[in-house]
Amino acid sequence: MMTDYKNLIDGEMVDNGRWMEVVNPATEEVFARVPACGKDELDRAVTAARRAFKTWRKTSSEERQKVVQGIAAAIKDNADELFRLLTAEQGKPHHQAQMEIYGAAGLAAAQSTLTLDDVINQDDEERLSRTRRVPVGVVGGIVPWNFPVMMAIQKIVPALISGCTIVLKPSPFTPLTTLRVAELIKDVVPAGTVNIITGEDSLGPLITEHPDIDKVTFTGSTATGKKIMEGASKDLKRITLELGGNDASIVLPDADVEKVAEQLFWSSFTNAGQICVAAKRIYIHEDIYDDLSKAIAEYAKGVTVGDGSQQGTGVGPIQNKKQFDRVCELIQDAKDKGYKFLTGGNVDPTGTGYYVPITILDNPPEDARIVAEEQFGPVMPLMKFSTVDEVIARANNSDYGLAGAVWTKDVDKGVEIAEQLETGTVWVNEFLHISPLAPFGGHKQSGFGAEYGLDGLKEFTYPQVITVKRNAAV
Ligand code: NAD
């Protein structure tokens, strides 16, 4: 059955009579439509956001907190419906979709408590100088297809908490759950503060270059991030960019092979590898390489690749055909070059659904495309290393700098290595944990600025310093 979803503009769910189709990646069936918006709808949404900003910017922290907590509750109370829809459009297995939905509600609840208090710079007989944070204004949010709800919420919530209003564009591949959330929060947020409009990629540059948008917060590929920076430079819009990664995991020889095999597997294959901070290069010390690579490949045999709506599925399809083709191309390149596969590598060309088997490569060279490029699919190269200095240099040999991990019983050693990695996040003995209260962002070409925590919130504000001269001659 085909369902039509509407956009949220100025407190109303609306459509414009022009539609884009949404495909279920597990079945390749078109099952829903969303409005195909362009300049007119964007102008309406921006006008509403601008009008709403006039009053929203003056609200108290308590009022904002209440609204954001209302968003958290709306998501949590409807989690069952939302996670099923998320699986249908994104492909991820139900239990992972549930984690995203509850994670988004949790993020909203946790961030609702954040406030940017004034900072006193000077308070003496001469003068009182205080820095306050003022909202930048109307924010344009642009998000990708791998965690559509989480990414939308991580833009909407700090915008509201800081006193901004927002126009958000979901990915054309995964707009549905976000639009259902829009419907659920329609009466929770004041009209115009949150607007969600859908369109093809071509809607993105219209947002970046819109003269009445003050800031763009973007999550997506590095290639698109560069275009956004260029577009935003025309009127010096503020930007936050969360981009791609090619994250390295380093496993030291003291790690317990049986205990880390399963964790390493899921650090790569959760969401079919379509996570910016998924482990995309795993470096294993030569002393345990053979045992650990065997244990990971063995674990992989017990994981089912299939339709995320079916019980028992561990790895779902790739989200869209374009990404599916890209992952297949990387696998084909590895085959053409004669690299060794521990498992996987054979995609069924006649099958329905964008399925790629769990694919693990055995020690391909450092310059292999499958190592040097962000795969963003269920593909994991395992590589051997001999010394710590060597592996740090190899891990850092990337234009990306998003995240990394170190696995060892010697925590001090793990931290010592972590501090030498050129990435915004490094885990020691865990993976994929992102705190809503700590800054998350990329070094090098993985990003610009940060999200989450007070650092993330500050990006939605300008600092304003008010200085009062005491005992002035006036
Ligand atoms: P993408 O860059 O193709 O698209 C992201 C969004 O940008 C979509 O909404 C798209 O419609 C829009 N867009 C496309 N062209 C645009 C343009 N010229 N101007 C403005 N907007 C435009 O990325 P994707 O394929 O949807 O997502 C995968 C990428 O996202 C991966 O590289 C992944 O690592 C990255 N990602 C990063 C993070 C992070 O936090 N650092 C999180 C998730 C995903």
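Biologist: Is Cys276 buried or exposed, and what is its relative accessible area?

Modeller: Bear in mind that this is a predicted model. Buried means under 20% relative accessible area. Cys276 falls under that cut-off and is buried, with a relative accessible area of 16%.

Biologist: Which residues does UniProt list for "active site"?

Modeller: The UniProt entry is unreviewed, and its "active site" residues are Glu242 and Cys276. They span 35 residues in sequence, yet no two of their C-alpha atoms are more than 8.9 Å apart, so they gather at one spot. The lining of the largest pocket takes in both residues of this set, Glu242 and Cys276.

Biologist: Where does Glu242 lie, and what is its relative accessible area?

Modeller: Glu242 is in strand E12, which runs over residues 238–242. Leaving out residues up to four places away in sequence, Glu242 touches residues including Phe218, Phe440 and Glu451. Glu242 is buried, and its relative accessible area is 2%.

Biologist: Where does Cys276 lie, and which residues is it in contact with beyond its neighbours within four places in sequence?

Modeller: Cys276 sits in the loop between helix H9 (257–269) and strand E14 (279–285). With neighbours within four places in sequence set aside, its contacts are Asn146, Leu243, Gly245, Asp247, Glu374, Phe376, Leu402 and Phe440.

Biologist: How many salt bridges are found across the interface of domain 1 and domain 2?

Modeller: Domain 1 covers 3–243 + 446–465, and domain 2 covers 248–428. In the contact between them, 22 residues of domain 1 meet 28 residues of domain 2. The area buried between the two domains is about 2000 Å², with 55% of it from carbon and sulfur atoms. Across this interface, the number of salt bridges is zero.

Biologist: Why is helix H6 described as largely enclosed by the rest of the structure?

Modeller: Helix H6 has 10 residues, 176–185. The buried ones include Leu176, Arg180 and Ile185. Helix H6 is largely enclosed because the number of its residues that are buried is nine of the 10.

Biologist: Which residue forms a salt bridge with Glu81?

Modeller: The closest N and O atoms of this salt bridge, between Glu81 and Arg180, are 2.4 Å apart. Glu81 lies in helix H3 (residues 79–90) and its partner in helix H6, so the pair ties together parts that are 99 residues apart in sequence. Glu81 is partly exposed at 35% relative accessibility.

Biologist: Which residues are linked with Arg326 in a network of salt bridges?

Modeller: The side chains of Glu373 and Arg326 meet in a salt bridge at 3.4 Å, N to O. Glu373 is in the loop between helix H12 (369–372) and strand E19 (379–385) and Arg326 in helix H11 (residues 321–336), so the pair ties together parts that are 47 residues apart in sequence. The network links Arg326 with Glu329, Arg369 and Glu373.

Biologist: How far apart in space are Leu160 and Thr193, C-alpha to C-alpha?

Modeller: Leu160 is in helix H5 (residues 148–162) and counts as buried, at 0% relative accessibility. Thr193 is among the residues that Leu160 touches, as are Trp56 and Val194. Leu160 and Thr193 are 33 residues apart in sequence, and their C-alpha to C-alpha distance is 7.6 Å.

Conventions: Residues are numbered from 1 along each chain as its sequence is written. This is a predicted model: local features need pLDDT of at least 70, side-chain atom pairs count only at pLDDT 80 or more; totals for chains, interfaces and linings use all residues. Side-chain values use heavy atoms; hydrogens and water are left out. UniProt positions are given in the numbering used here, feature names are shortened, and annotations may be inferred rather than shown by experiment. On a 1 Å grid over the protein atoms alone, a cavity is a set of points where a 1.4 Å probe fits but cannot get out, and a pocket is an open set with protein on both sides within 12 Å along at least five of seven lines; lining residues have an atom within 4 Å of a point. Helices (H or I, at least four residues) and strands (E, at least two) are DSSP runs, numbered from the N terminus. Buried means under 20% relative accessible area, exposed over 50%, partly exposed in between (1.4 Å probe, protein chains only). Contact means heavy atoms within 4.5 Å. Domain bounds come from an automatic or database domain assignment. Buried area is the accessible area (1.4 Å probe) that two parts lose on being put together, summed over both. A salt bridge is a side-chain nitrogen of Lys or Arg within 4 Å of a carboxyl oxygen of Asp or Glu.
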